[in-house]
Amino acid sequence: MWLATSIPAPCTDLADISEVALNPALIKLPLFLLCLLPLAHLAQVAITDAHDVESIEAMTRGLGGWALNFLLLTLMLTPLRKYTGWTWLAPLRRMLGLYAFFYAFAHMASYLGLDQRFDWQAIIEDVSKRPFMIAGMLGFALLLPLAVTSNAIALRRLGGKRWQKLHRLIYLASPLAVLHYSWMVKADIAKPSAYAALLVLLLGWRLWWRLREGRGIVAGSASRKPVRRVIPLIVKK
Ligand code: HEM
């Protein structure tokens with residue numbers, strides 16, 4: 001009888017699993033390194049074929065693709081956290097958001113520096129011929145204040161409410177990024193359409209969730225206060 005009450009019950013259903021929290025500090029470093037892999041791969045390809053115009057183009061495109069991937073991944077974290085109760089996902093949002101900015105910056109730098117060699121006359125001509133770039137520039141301009149203020153000092157200075165309002169710019173930057181991509185593609189629109197559909201789903205979910213919250217309807221998993229059961233990945237003996 002004593003034994004039966006002192007042994008913790010194993011996780012038997014999904015609800016139990018959702019209450020398990022991992023230690024974010026232990027996930028951050030591997031995730032940080034993982035997010036650098038696309039950059040390492042693209043850089044390696046560019047270095048191998050250094051003088052190949054096509055490889056520069058492929059790198060610019062690859063960096064742009066990853067900027068978009070990270071933007072959507074950042075938007076995915078909140079719904080995932082709300083449904084699973086995995087609170088350890090919250091601190092990872094900032095890292096993924098900063099990676100979106102970093103890849104967008106590298107994408108733009110690759111275009112301006114490697115592709116156009118900072119020939120501003122040629123850049124202006126190119127932008128006037130391919131206006132999809134204006135959407136990209138606007139998207140990047142909106143990500144800039146988010147990257148600059150994604151630290152504790154800026155949060156303290158702005159105050160929670162203003163900081164949150166400012167960070168809603170991601171809801172404008174991400175459609176502009178998808179528009180930039182869709183506008184660019186002329187023939188095979190399958191991929192940009194898939195990105196657009198995913199974005200509509202993610203932004204639509206947010207709107208729906210806010211409306212539910214406004215009406216005081218709180219979904220089952222989120223209403224339960226998650227029990228933080230931190231499972232250390234490294235156990236000290
Ligand atoms: C939020 C910021 C941005 C995102 C997420 C983004 C994303 C993308 C994506 C996904 C592509 C297509 C990649 C592919 O074909 O697989 C692309 C292409 C391109 N982007 Fe961006 N972009 C951004 C900002 C910019 C900016 C600021 C510029 C220029 C100043 C720019 C210039 C270009 C160019 C020139 C291409 C076409 C590359 C080529 O034809 O070789 N982008 N971008």
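Is Arg117 buried or exposed, and how many C-beta neighbours does Arg117 have inside 10 Å? In this predicted model, Arg117 counts as exposed because 9 C-beta neighbours lie inside 10 Å, and exposure requires 12 or fewer. Arg117 is located in the loop between α5 and α6 (120–129). The backbone of Arg117 has a positive phi of about 50°, although Arg117 is not a glycine. Phe118 is found in the loop between α5 and α6 as well. Phe118 is likewise not a glycine, and its phi is positive, at about 55°. With 9 other C-beta atoms within 10 Å, Phe118 is exposed.

The protein contains 12 helices and two strands. Along the sequence, these elements follow the pattern α-α-β-α-α-α-α-α-α-α-α-α-α-β. Of the 237 residues in the protein, 16% are buried. Among contacts with a separation of 6 or more, 71% are between residues 24 or more positions apart. A separate pair, given by C-alpha distance, is Leu36 and Tyr99: 63 residues apart along the chain, their C-alpha atoms are separated by 8.7 Å. Leu36 belongs to helix α3 (residues 24–48). Leu36 counts as exposed, since it has 12 C-beta neighbours inside 10 Å.

The mean pLDDT of the protein is 85, and 81% of the residues score at least 70. Among the elements, α7 has the highest mean pLDDT, at 98, whereas helix α1 (residues 2–6) has the lowest, at 35. The pLDDT is below 50 over residues 1–20, a stretch with 12 contacts in the model beyond near neighbours in sequence. Over residues 220–237 the pLDDT also stays under 50, and the model has 24 contacts for this stretch beyond four places in sequence. Where pLDDT is low, the predicted coordinates should not be read in detail.

The buried residues in α10 are Ala173, Ser174, Ala177, Val178, His180 and Tyr181. These residues lie on the same side of α10, because they cover an arc of only 150° around the axis. An α-helix has 3.6 residues a turn, so residues three or four places apart point the same way. The cover over the buried residues of α10 includes α4, α7 and α11 (190–214).

Conventions:
Residues numbered from 1 in each chain as written. Predicted model: local features only at pLDDT ≥ 70, side-chain atom pairs only at ≥ 80, totals over all residues. Buried ≥ 20, exposed ≤ 12 C-beta atoms within 10 Å, placed from the backbone. Helix = DSSP H or I, 4+ residues; strand = E, 2+ residues; numbered from the N terminus. Arc of directions from axis to C-beta. Contact = placed C-beta atoms within 7 Å. pLDDT = per-residue confidence, 0-100.
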